[in-house]
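Hi there,

Here is the structure I promised to pass on. Please have a look at it first, and then read my notes below.

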Amino acid sequence: MTDFTHLHVHTHYSLLDGLPRIDRLLTCAKEQNMSSVAMTDHGVLYGAIDFYQQAKEAGIKPIIGMEAYIARNGRKKKRPRIDTSPYHLVLLARNHQGYRNLIELTSKAHLEGFYYKPRIDYELLEKYSEGLIALSACVQGHIPQEIIAGRQENAEKIAKKYERIFGQGNFFLEIQHHPSIDKQEIANKGVIELAKSCNLPLIATNDVHYLQSDDDKIQDILVCLQTQKKVNDTDRMTMVGDNFALRSTEEMTELFKDVPEAISNSIAIADRCNLEIELGKIRLPYYEVPKAKDPDVYLRELCIKGIVNRYGQNKVDDPEILERLDFELSVIKKTGYATYFLIVQDFVNFAKNQGIIVGPGRGSAAGSLVSYVTNITDIDPLKYDLLFERFLNPERVSMPDIDLDFADTRRDEVLDYVAQKYGQDHVAQIITFGTMAARAAVRDVGRALDYPYDYCDKLAKMIPMFTNLDDALKKVTELQELYNKDPQAKKILDAAKKLEGVARHASTHACGVVITKRQLTNYLPLQISTQDENAVITQYPWQNVEALGLLKMDFLGLKNLTIIEKTLNIVKKTRHEEIDISEIDLEDKETFKLFQKGHTTGVFQLESSGMKRYLKLLKPTEFEDIIAMVSLYRPGPMEWIPDYVNGKHGRKQVNYIHPKLKPILEKTYGVAIYQEQVMKIAQDLAGFTLGEADILRKAMGKKIKSLLMKQKEKFLAGCQANNISQDVATKVFDFIEPFAGYGFTRSHAACYAMIG
């Protein structure tokens, strides 16, 4: 049998005992010719979207499920004497309604029923059973527990109850082969008898917690880490001694040869589970516009008012401003993002009206004139040559990304406003998963294996920062020698390699917030924040939130803005002056004297010792210098700082490969500092539109060889059409390629330089 379905896979997203990474799981499933795999994490749906996407790409049918915890006395009762361990029940989504009900069940398990574990009850199952297939679960299920206790009649009543709740043909009695589990054989025998007496279908499953049988020791280390135990401890949870690996078709068929229908039913279930999750479709919240106006019309009205506020009444008919505005609004209308801009400007203007200091912008959003005139950003894109196409590319549409900085002590006020405007059940912060990096994995494994801390710490410190273990073993001779000669080091490093990248804990994302049109649970599961018991967060990380097409915003709290806010308040109280921070002179000579002396302690982005050293060498005299330093002082482009400094002070003669490069690179003394410069080069020399130029920039930045070669051919052809020789065009391409990888977004740099 090659068309085999595996039910009951627990991934690393369980955050307790599941070892397999999704990519490795699917590779293993393909090798074993499995057509479908069901992922059933304990009480959560953390990995559902990642699993769904990757399984589809791998040509394997994804079955989304959950192993639920059933509270024995109702989910709302939380008293030790009556709340012993909850029962298990496996739930699988047959269709989209079933998936929606899984979301509701796991959300309510966390928000209403959490007591050591996220728990549901029969009341919730009655309400949210449509579209689900249920399996009676392992020996911790309600039915196996009654059988083990010798209460076969009770087991029969519960089985009939489940069949009534889920409907005929949607409830299966589950058997497993795990000899090490106490009473497993008794449970199996009773379940098989029950299947005959109640005429219920059987299903054979394997509880998968790792991929290969020799992974059991690695998984055991992970359990030790999550339960804060050591492998030598006797009183602890362990699965060593049994096979919780991804068993093959042949092995499962042999194990359950006496009940072949239990194997064939796994395929029958897979055939009935046909969940399709729509990804990529934009789902923006509803924004109420005055007098039921069209959002595009209303956005334009706000922009015209904004032109007056930003530039003055005499600039309302300025052709340069209107041409740029009309272009941006046409792209926004075409992409359907007017509502997005209306939502963002609304809460930014709320914050500003409340006296909350808002950052001038972040990322590429400052390249948008619409953002500037609606007060979302405070950098004039026309004055500073910022490109809209770097923010919203008309040639390759993707959701715009406007990240915002607020004074950190008042960020929550903005979040409260958003929650009140759109509804508490429409707004939530986003979960994030901390994963094991190489050094941490080595230290953790060593601790679980009970090796001395000093030894493990020494081993970990041999691994360069931000380097994975495989690369470290290739590059670090001392580590390689220790690995080959010292059995202890080999044992630790081999285990750490398998645990590297595995999720270690869940927490709340520092700034990510999702806002939805309908109730959150129409789209994604929820839980209580691990940091704040009064805060609700999603069970999906930000990548999944974006994949679902939901509006994800980054509300960042920045202490530097709080310092500015407090300073303004002090000036107001002591000098009775109200200062508009947006009106401060960015060419103030006294300020530049401070920068030239390196007196920048506490100044945003400019306070490190290395930055102070370069500021003293540069002796900045204009705002452009600060934008450049913010961009250059990073790994990679840092090597170009001397070129910029020498160019500014006339110690270096700048030569341009082609005359058309001069107006683009002159301000930066021949150094291509910004991504926008790379785009302008592609536009002016190769005839690219700025939208096409942004695609070229991405190809260079990501270094995807096939895409890069295609873009290079296009670039050379464009240059040739502009009467630029292939030799010169090739030199220009080779010149800009490394800068595209290093290059900083000028819009982002200008915003950060302004805060500084």
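Which residues of helix 6 are buried? They are A155, I158, A159, Y162, I165 and F166. Please keep in mind that this is a predicted model.

Helix 6 covers residues 152-166, 15 residues in all, and reaches 21 Å from its first C-alpha to its last, close to the 21 Å expected at 1.5 Å a residue. Seen down the axis of helix 6, the buried residues fall within an arc of 125°, so they line one face of the helix. The general rule behind such a pattern is that an α-helix has 3.6 residues a turn, so residues three or four places apart point the same way. On the other side of helix 6, you will find E153, K157 and R164 exposed. Just after the helix comes G167, which takes a positive phi of about 95°.

I70 sits in strand 3 (residues 61-70) and is buried, with a relative accessible area of 0%. What is I70 in contact with, leaving aside its neighbours within four places in sequence? The list is P86, Y87, L89, I120, D121, Y122, L125 and Y162, and Y162 is among the buried residues of helix 6. As for K458, it is 388 residues from I70 in sequence, and the two are 46 Å apart in space, C-alpha to C-alpha.

Now to the charged side chains. The count of salt bridges comes to 43. One of them joins the side chains of E276 and K56, at 2.9 Å from N to O. E276 lies in the loop between helix 10 (260-272) and helix 11 (295-311), while K56 belongs to helix 2 (residues 48-58), so the pair ties together parts that are 220 residues apart in sequence. K56 is partly exposed, with a relative accessible area of 38%.

K108 and E112 also meet through their side chains in a salt bridge, here at 3.6 Å, N to O. E112 counts as partly exposed, at 26% relative accessibility. Salt bridges that share partners join R75, K108, E112, D121 and E123 into one network.

V603 lies in the loop between helix 23 and helix 24 (609-618). At 17% relative accessibility, V603 counts as buried, because the cut-off for buried is under 20%. Leaving aside its neighbours within four places in sequence, V603 is in contact with N560, F595 and G756. The C-alpha atoms of V603 and G756 are separated by 5.5 Å, although the two residues are 153 residues apart along the chain.

The other loop, between helix 22 (559-575) and helix 23 (589-596), holds I579. I579 is partly exposed, with a relative accessible area of 37%. Together with I581 and I584, I579 makes a nonpolar surface patch of about 230 Å².

Happy browsing, and do write back with any questions!

Best wishes

Conventions:
Residues are numbered from 1 along each chain as its sequence is written. This is a predicted model: local features need pLDDT of at least 70, side-chain atom pairs count only at pLDDT 80 or more; totals for chains, interfaces and linings use all residues. Side-chain values use heavy atoms; hydrogens and water are left out. Patches are made of residues with over 30% relative accessible area and no salt bridge: like charges are joined within 9 Å, nonpolar side chains (Val, Leu, Ile, Met, Phe, Trp, Tyr) within 5 Å. Accessible areas come from the Shrake-Rupley method with a 1.4 Å probe; for residues, only the protein chains shown count as cover. A salt bridge is a side-chain nitrogen of Lys or Arg within 4 Å of a carboxyl oxygen of Asp or Glu. Helices (H or I, at least four residues) and strands (E, at least two) are DSSP runs, numbered from the N terminus. Buried means under 20% relative accessible area, exposed over 50%, partly exposed in between (1.4 Å probe, protein chains only). The expected span of a helix is 1.5 Å times one less than its number of residues. The arc is that of the directions from the helix axis to the C-beta atoms. Contact means heavy atoms within 4.5 Å.
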